[in-house]
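Here are some notes for a colleague who is meeting this structure for the first time. They are set out as numbered points, to be read beside the model.

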Amino acid sequence: MKTIKLKNKQINYSILIGNGIYKSTGSILKKYLIKKRVFIICDLVVFNLYKKNLSTSLKRSRIEAIFIPIKVDERKKNIATVSTLSSKLLSFNIDRKDTIIAFGGGILGDIVGFTASIILRGVNYIQIPTTLLSQVDSSVGGKTGVNSSYGKNLIGTFYQPKLVIIDTDVLNSLPRRELLSGYAEIIKYGIIKDIKFFRWLLKNGYKVIEGNNNAKIYAIYRSCIIKAQIVEADEKEQGIRALLNLGHTFGHAIESLNEFKKNIIHGEAVAIGIRFATKLSYLEGYISNLDYNKIVSHFNDIGLKNTLPKNLNNISAKKFVSEMLKDKKAIDESLTLILIKRIGSAFIKKDYSQKKLLKLFKEITK
Ligand SMILES: NC(=O)c1ccc[n+]([C@@H]2O[C@H](COP(=O)([O-])OP(=O)(O)OC[C@H]3O[C@@H](n4cnc5c(N)ncnc54)[C@H](O)[C@@H]3O)[C@@H](O)[C@H]2O)c1
Ligand SMILES: [Zn+2]
């Protein structure tokens, strides 16, 4: 089992990465609990697949577990779901010595983390992410939240988990499309910070998708290390953490304009967003044509689409850009975008003019 520690003045927790470890969750958890009772809020699909193993392991360690399964949907990642979940937890008389566990993908993890941060003004919580995307990204770093009719993830908190347990075994039941969606965030780390990792992905990325265990562990480990370093340096996104938003201002606009329907899932929107950001970086003269092609061809080779879906194909530049302005990163009609100098080195471009983006929109998206 590999361990990564996240540590600075405010944060201190571990990420455990291994294969088959959720079966020994009970003995791992023991030292993290104040009281031997946990609320396991889980994705319904995950509940049906893994509840038995998890409860056996918890029983063995004499931990009382209350399971609360939830049907997960990006359109239900909202404040109403948080309210229902909070009432449910209160109906069980949850107290501050209890621990909440998020057992599922990123949608579930974001809802549960947010609920844990506000219920009784904050209850300890642990992430056991079950999708590739949540293992490499959303379970680490403490961003929690839900969507609003005004845009994605606009209601939320920074609230760090006490522990993250990543088990690559649970990825065996994950559909290929979901693996690819998580892979988009993995490539993101290579592009923003680590050319060596990007090169490794060019060679070995397909093994991650095909389920090779060593490749999965290495890709997850490398991604979590990069994310941990960035979060340690800038937990509240005052600076460098914004690099993790590469492709996301575009991606969130795509998801919102698509009304969070399932024909585009988060990682797919991010993959399209990364291509747009890369093309813009090229048009602005920051990145070479060679690097631009390397990124786009890798998305194509791995099987991640990076063009807008048919229903958004004819969207006007004005509508798209005004959706981008709703993103948290927009200040006074100009945008903060993450652009790329070369593979392995991204930067924060502040005050990118809306007018300029409108002008280049056709070129970026074609
Ligand atoms: N907080 C953050 O820092 C952060 C970072 C990146 C993304 N996110 C958020 O994460 C969300 C996307 O997360 P996601 O891609 O994990 O999607 P998800 O939570 O919808 O999970 C994807 C699908 O896989 C199913 N599933 C989960 N685990 C499974 C397993 N082991 N086997 C079989 N099926 C399984 C789920 O039921 C769901 O249908 C978005 O809402 C995005 O905004 C948050
Ligand atoms: Zn993301």
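1. Ser24 sits in the loop that runs between strand 2 and helix 1 (25-29), where helices (H or I, at least four residues) and strands (E, at least two) are DSSP runs numbered from the N terminus. With 17 C-beta neighbours inside 10 Å, Ser24 counts as partly exposed; a residue is called buried if 20 or more other C-beta atoms lie within 10 Å of its own, exposed if 12 or fewer, and partly exposed in between, with C-beta atoms placed from the backbone. Although Ser24 and Asn53 are 29 residues apart in sequence, their C-alpha atoms are 9.0 Å apart in space.

2. A word on the basis of these notes: this is a predicted model, in which local features need pLDDT of at least 70 and side-chain atom pairs count only at pLDDT 80 or more, while totals for chains, interfaces and linings use all residues. Residues are numbered from 1 along each chain as its sequence is written, and chains are lettered from A and ligands numbered from 1 in the order in which they are written.

3. The protein chain is assigned domain 1 (2-173) and domain 2 (176-365), with bounds that come from an automatic or database domain assignment. The centres of the two domains, taken over C-alpha atoms, are separated by 26 Å. Between them, 32 residues of domain 1 are in contact with 31 residues of domain 2, contact being counted when the C-beta atoms of two residues, placed from the backbone, lie within 7 Å. On the domain 1 side, the elements that give two or more residues are strand 1 (2-7), strand 2 (12-18), helix 5 and strand 8 (151-158), and helix 5 supplies the largest share, five residues. That side divides into 14 nonpolar, 12 polar and six charged residues, where Ala, Val, Leu, Ile, Met, Phe, Trp, Tyr, Cys and Pro count as nonpolar, Asp, Glu, Lys and Arg as charged, and the others, Gly among them, as polar.

4. Of the 29 residues around the ligand, Gly105, Gly106, Ile107, Thr131 and Ser138 come nearest, a residue being near if its C-beta atom, placed from the backbone, lies within 6 Å of the molecule. Two or more residues of this shell come from each of helix 2 (44-60), helix 4 (106-118), helix 5 (132-138), helix 6 and helix 10. By type, the shell is made up of nine nonpolar, 13 polar and seven charged residues.

5. Helix 4 is mostly covered, with 12 of its 13 residues buried; among them are Gly106 and Ile107. The end C-alpha atoms of helix 4 are 18 Å apart, which agrees with the 18 Å that its 13 residues should span at 1.5 Å a residue, the expected span being 1.5 Å times one less than the number of residues. After helix 4 comes Leu120, whose phi is positive, near 50°.

6. Helix 11 (residues 289-302) has a buried side made of Asp291, Ile295, His298, Phe299 and Ile302. Seen down the axis of helix 11, these buried residues fall within an arc of 100°, so they line one face of the helix; the arc is that of the directions from the helix axis to the C-beta atoms. They pack against helix 6 (176-193), helix 7 (195-210), helix 10 (266-283) and strand 10 (335-342), whereas the face turned away carries the exposed residues Asn289, Leu290, Asn293, Ser297 and Asp301.

7. Gly247 is found in the loop between helix 8 (213-233) and helix 9 (248-257), and it is buried, with 29 other C-beta atoms within 10 Å. Leaving aside neighbours within four places in sequence, Gly247 is in contact with Lys188, Val270, Gly273, Ile274 and Ala277.

8. Two further backbone angles deserve a look, since most residues other than glycine have a negative phi. Arg62, in the loop between helix 2 and strand 4 (64-70), has a positive phi of about 55° and is exposed, with 9 other C-beta atoms within 10 Å. Asn153, placed in strand 8, has a positive phi of about 50° and is partly exposed, with 19 other C-beta atoms within 10 Å.
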